[in-house]
Amino acid sequence: NIVLKSVEKMDALISGILNYSTIDQEVLDVYEVDTHHLVNEIVQIIYKPAHIKIEVSEKLPVVNGDKFRLQQLFQNLMQNAVKSIDKPEGIIKVDVEENSDFWIFSIKDNGKGIEKDHFNKIFQIFEKIDNDFNSTGIGLSIVKKIIDFYGGKIWLESELSIGTIFYFTLPK
């Protein structure tokens with residue numbers, strides 16, 4: 001059983017490294033992607049315990065990009081939000097605001113929160129802030145690389161025991 005778990009983790013690491021290394025090298029078509037539809041698809045496929053509710057704003061826009069990259073972006077952030085929830089009732093909210101040049105997306109959870117000292121560390125490859133054996137430390141570095149690829153920015157606000165909000169921008 002231990003060997004099987006180790007092999008699964010190694011497989012996840014190798015897949016993560018391959019994804020990370022090719023994000024800005026692959027030439028993929030740019031086309032309109034309905035982020036509302038995409039996020040609702042992700043809600044259906046990710047694992048979420050029954051005590052966690054995910055609310056998706058009706059305002060999520062159509063953006064120009066590649067569905068595979070955008071799915072990786074939203075899915076990694078949403079899965080991290082699910083994993084962070086340590087309360088009997090979990091809530092995750094996916095929302096968007098708009099300014100003249102960018103869409104400002106937010107993914108908010110009521111999880112355990114992240115210490116301010118770790119805000120920059122979490123976006124570096126192989127860096128983890130907890131001792132979860134199943135975590136590869138690659139997910140948020142992939143998220144950052146995708147956002148950088150599209151010319152956006154990512155940042156977060158967090159309070160321990162209250163929750164975290166990840167914000168990121170994608171150009172209009």
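This is a predicted model: local features need pLDDT of at least 70, side-chain atom pairs count only at pLDDT 80 or more; totals for chains, interfaces and linings use all residues.
**Helix α3**

The buried residues of α3 are Arg69, Leu70, Gln72, Leu73, Phe74, Gln75, Asn76, Leu77, Met78, Ala81, Val82 and Ser84. I then checked the geometry of the helix. α3 spans residues 67–84, which is 18 residues. From first C-alpha to last, α3 reaches 26 Å, close to the 26 Å expected at 1.5 Å a residue.

Glutamine 75 sits in α3. Glutamine 75 counts as buried because its relative accessibility is 18%, and the cut-off for buried is under 20%. Setting aside residues up to four places away in sequence, I find glutamine 75 touching Ile42, Ile45 and Ile46.

Methionine 78 was the other one. With neighbours within four places left out, methionine 78 is in contact with Val39, Ile42, Val43, Ile46, Ile54, Ile92, Val94 and Ile107.

**Helix α2**

Next I looked up which residues of α2 are buried. They are Thr35, His36, Leu38, Val39, Ile42 and Val43. These residues lie on the same side of α2, because they cover an arc of only 165 degrees around the axis. Gln44 and Ile45 are exposed on the other side of α2.

What do the buried residues of α2 pack against? I list β1 (31–34), β2, β3, α3, β4 and β5 (102–109).

I also checked the N-terminal end of α2. Aspartate 34 caps this end, with a side-chain oxygen 3.0 Å from the backbone nitrogen of histidine 36.

**Core**

I turned to the largest nonpolar core, which has 41 residues. Those with the most contacts inside this core are Leu73, Phe74, Met78, Phe105, Ile107, Phe166 and Phe168. At least two residues of the core come from each of α2, β2, α3, β4, β5, α4 (139–149), β6 (154–159) and β7 (163–171). Which element gives the most to this core? It is α3, with 7 residues.

Isoleucine 107 lies in strand β5. Isoleucine 107 is buried, with a relative accessible area of 2%. Apart from neighbours within four places in sequence, isoleucine 107 is in contact with Phe74, Leu77, Met78, Ala81, Ile92, Lys93, Val94, Thr164, Ile165, Phe166 and Phe168.

**Salt bridges**

How many salt bridges does a search of the whole structure find? The search finds 7. I went through some of these pairs.

The side chains of lysine 67 and glutamate 41 form a salt bridge at 3.2 Å, N to O. The pair links distant parts of the chain, with lysine 67 in α3 and glutamate 41 in α2 (residues 35–45), 26 residues apart. I checked accessibility on both sides. Lysine 67 is partly exposed, with a relative accessible area of 32%, and glutamate 41 is partly exposed at 29%.

Aspartate 95 and lysine 59 also meet in a salt bridge, at 3.9 Å, N to O. This pair too links distant parts of the chain: aspartate 95 is in strand β4 (residues 90–98), lysine 59 is in the loop between β2 (52–56) and β3 (62–65), and they are 36 residues apart. Aspartate 95 is partly exposed, with a relative accessible area of 26%. Lysine 59 is partly exposed at 48%. I find Lys59, Asp95 and Glu97 linked in a network of salt bridges.

Lysine 53 forms a salt bridge with glutamate 55, where the closest N and O atoms are 3.6 Å apart. Is lysine 53 buried or exposed? Lysine 53 is exposed, with a relative accessible area of 51%; the cut-off for exposed is over 50%. Glutamate 55 is partly exposed at 30% relative accessibility.

**Whole chain**

Last, I took the totals. The protein chain has 4 helices and 7 strands. Starting at the N terminus, I read the elements as α-β-α-β-β-α-β-β-α-β-β. Buried residues make up 44% of the 172 residues in the chain. For contacts between residues at least 6 apart in sequence, 71% join residues at least 24 apart.

Note on methods: Residues are numbered from 1 along each chain as its sequence is written. Side-chain values use heavy atoms; hydrogens and water are left out. The expected span of a helix is 1.5 Å times one less than its number of residues. Buried means under 20% relative accessible area, exposed over 50%, partly exposed in between (1.4 Å probe, protein chains only). A salt bridge is a side-chain nitrogen of Lys or Arg within 4 Å of a carboxyl oxygen of Asp or Glu. The arc is that of the directions from the helix axis to the C-beta atoms. Contact means heavy atoms within 4.5 Å. A polar contact is a pair of N or O atoms within 3.5 Å; within protein, one must be able to donate a hydrogen and the other to accept it, and residues adjacent in sequence count only if both atoms are side-chain atoms. A nonpolar core is a set of buried Ala, Val, Leu, Ile, Met, Phe, Trp, Tyr and Cys residues joined through side-chain atoms within 4.5 Å.
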